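Take a look at the chain and its fold before reading on.

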Amino acid sequence: MAVITLVGLPGAPGVTSTALALLRTWPLEDGRRMILAECDPDGGAVLSGALQGRMEADRGLRNLAVSTRTQELVNAFWTQLIALENDDRRNERNRLLLAGLTEMSQASSLAPVWTQLADLFAGIEPGGHDVLVDLGRSGAFGPASVLALRADVVLVVMRGTVRGLHNGKSRIAQLRALLDGENGRGSGGLGVLLIRQGPYGPREVEEETGVPVIAQLPYRPAEAAVLSDGEPEGRQFMNSKLMKAVGDATTPIRQRVASRRARLASPLHQRLRGVSGSAR
């Protein structure tokens with residue numbers, strides 16, 4: 001159904017925790033799978049955080065640059081995924097992780113891989129795979145930006161604090177320019193996932209940034225620590241306020257994807273793109 005990219009802000013953690021929560025709560029129809037791809041050039045956080053080093057860092061994004069020298073990326077990609085398992089969730093094997101880099105220095109070797117990954121994500125979606133792309137705080141700019149340019153929806157994870165609003169306004173302006181640029185498909189899929197910490201709510205955020213708040217998530221640091229640091233989740237974790245809110249957020253996100261795709265596929269939009277392309 002979708003390729004969804006999550007983007008963070010300077011000094012505001014929460015993107016990877018939100019991505020993991022979405023991975024675990026995303027409704028999966030029969031035959032579909034969800035993949036979380038940690039594509040943050042600054043490095044991944046799931047193996048050392050949520051998984052607390054329980055799995056060897058022998059698979060993941062860092063291996064793709066090496067693998068593609070000897071085989072097609074589409075073949076190498078599937079060998080690098082980790083199936084997340086949980087005895088309480090029957091379909092957990094359908095929730096997969098492409099673990100991120102273990103060191104920032106590894107990002108330089110991925111320059112030729114980002115575009116291939118963007119093509120791959122778009123290509124596997126019709127075959128039953130939805131993709132969440134975690135670009136962290138800097139990945140939407142630079143070589144990895146193609147993963148934002150090709151996404152169905154780009155969601156900025158931000159908090160309603162003074163710093164969050166200030167940084168969010170600046171970052172969203174940069175994203176809008178990127179998505180509306182020559183290589184983008186327009187900023188119509190840009191939105192905010194608002195963590196309700198601080199004095200600013202959806203109305204203020206929308207007025208200041210000019211993009212819609214797609215969903216609100218409660219500020220629950222103890223519950224978020226399960227996702228960010230691998231704290232024991234307890235038997236009722238999936239029914240916690242945070243996870244319930246994230247589960248509810250999947251509905252407006254899916255609706256946003258559907259409306260975005262319908263608009264891009266409309267004859268009027270296609271004609272406008274043709275005129276724009278001719279003007280260039």
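Predicted model: local features only at pLDDT ≥ 70, side-chain atom pairs only at ≥ 80, totals over all residues.

Numbering starts from 1 along each chain as its sequence is written, and side-chain values use heavy atoms, with hydrogens and water left out.

Start with the inventory. The protein has ten helices and eight strands. Helices (H or I, at least four residues) and strands (E, at least two) are DSSP runs, numbered from the N terminus. Of the 280 residues, 51% are buried. Buried means under 20% relative accessible area, exposed means over 50%, and partly exposed lies in between (1.4 Å probe, protein chains only). Contacts are counted between heavy atoms within 4.5 Å. Among contacts with a separation of 6 or more, 72% join residues 24 or more positions apart.

Now the sheet. Eight strands form an open sheet with mixed pairing, in the order β3-β4-β2-β5-β1-β6-β7-β8. The edges are β3 and β8 (213–218), each pairing on one side only. Two strands count as paired if DSSP finds at least two bridges between them.

Strand β2 (residues 33–38) runs parallel to β4, and four bridges join them. Here Leu36 stands opposite Leu97. Strand β3 (residues 82–83) runs antiparallel to β4, with two bridges. On that side, Ile82 is the residue opposite Leu97. In a regular strand the side chains alternate between the two faces of the sheet. In β4, Arg95 and Leu97 lie on one side, with Leu96 and Leu98 on the other. These four residues are all buried, and both faces of β4 are covered.

Strand β7 (residues 190–196) pairs with β8 in the parallel sense over five bridges. Val192 stands opposite Val213 in β8.

Next, the cores. In soluble globular proteins, nonpolar side chains tend to be buried together. A nonpolar core here is a set of buried Ala, Val, Leu, Ile, Met, Phe, Trp, Tyr and Cys residues joined through side-chain atoms within 4.5 Å. The largest core holds 48 residues, and Phe77, Trp114, Leu117, Phe121 and Leu147 touch the most other members. Helix α4 gives this core its largest share, seven residues. Not counting residues up to four places away in sequence, Leu117 touches Cys39, Leu61, Leu64, Leu73, Phe77 and Leu147. Another core of 37 residues lies apart from it, including Leu193, Leu227, Met243 and Val257.

Two loop residues deserve a stop. Ser109 counts as partly exposed because its relative accessibility is 34%. Its C-alpha atom is 8.5 Å from that of Val66, 43 residues apart along the chain. Phe141 is in the loop between β5 (129–134) and α5. With a relative accessible area of 31%, Phe141 is also partly exposed. Leaving aside neighbours within four places in sequence, Phe141 contacts Arg171, Gln174 and Leu175.

Finally, the empty space. Rolling a probe the size of a water molecule over the atoms shows where empty space is left. On a 1 Å grid over the protein atoms alone, a cavity is a set of points where a 1.4 Å probe fits but cannot get out. A pocket is an open set with protein on both sides within 12 Å along at least five of seven lines, and lining residues have an atom within 4 Å of a point. Grid points are joined across faces, edges and corners, and a volume is the space filled by probe spheres set on the points.

How much space lies in the largest pocket? About 570 Å³. It is lined by 35 residues, with Pro13, Gly14, Val15, Thr16 and Ser17 nearest its centre. α1 (15–25), β8, α8 (221–229) and α9 (241–265) each supply at least two lining residues.

The whole structure has two cavities of 30 Å³ or more. The largest cavity holds about 50 Å³, and α5 (146–149) and β6 (153–159) each supply at least two residues of its lining. The second largest cavity holds about 30 Å³. Its lining is Val3, Ala118, Phe121, Leu147, Arg150 and Ala151.
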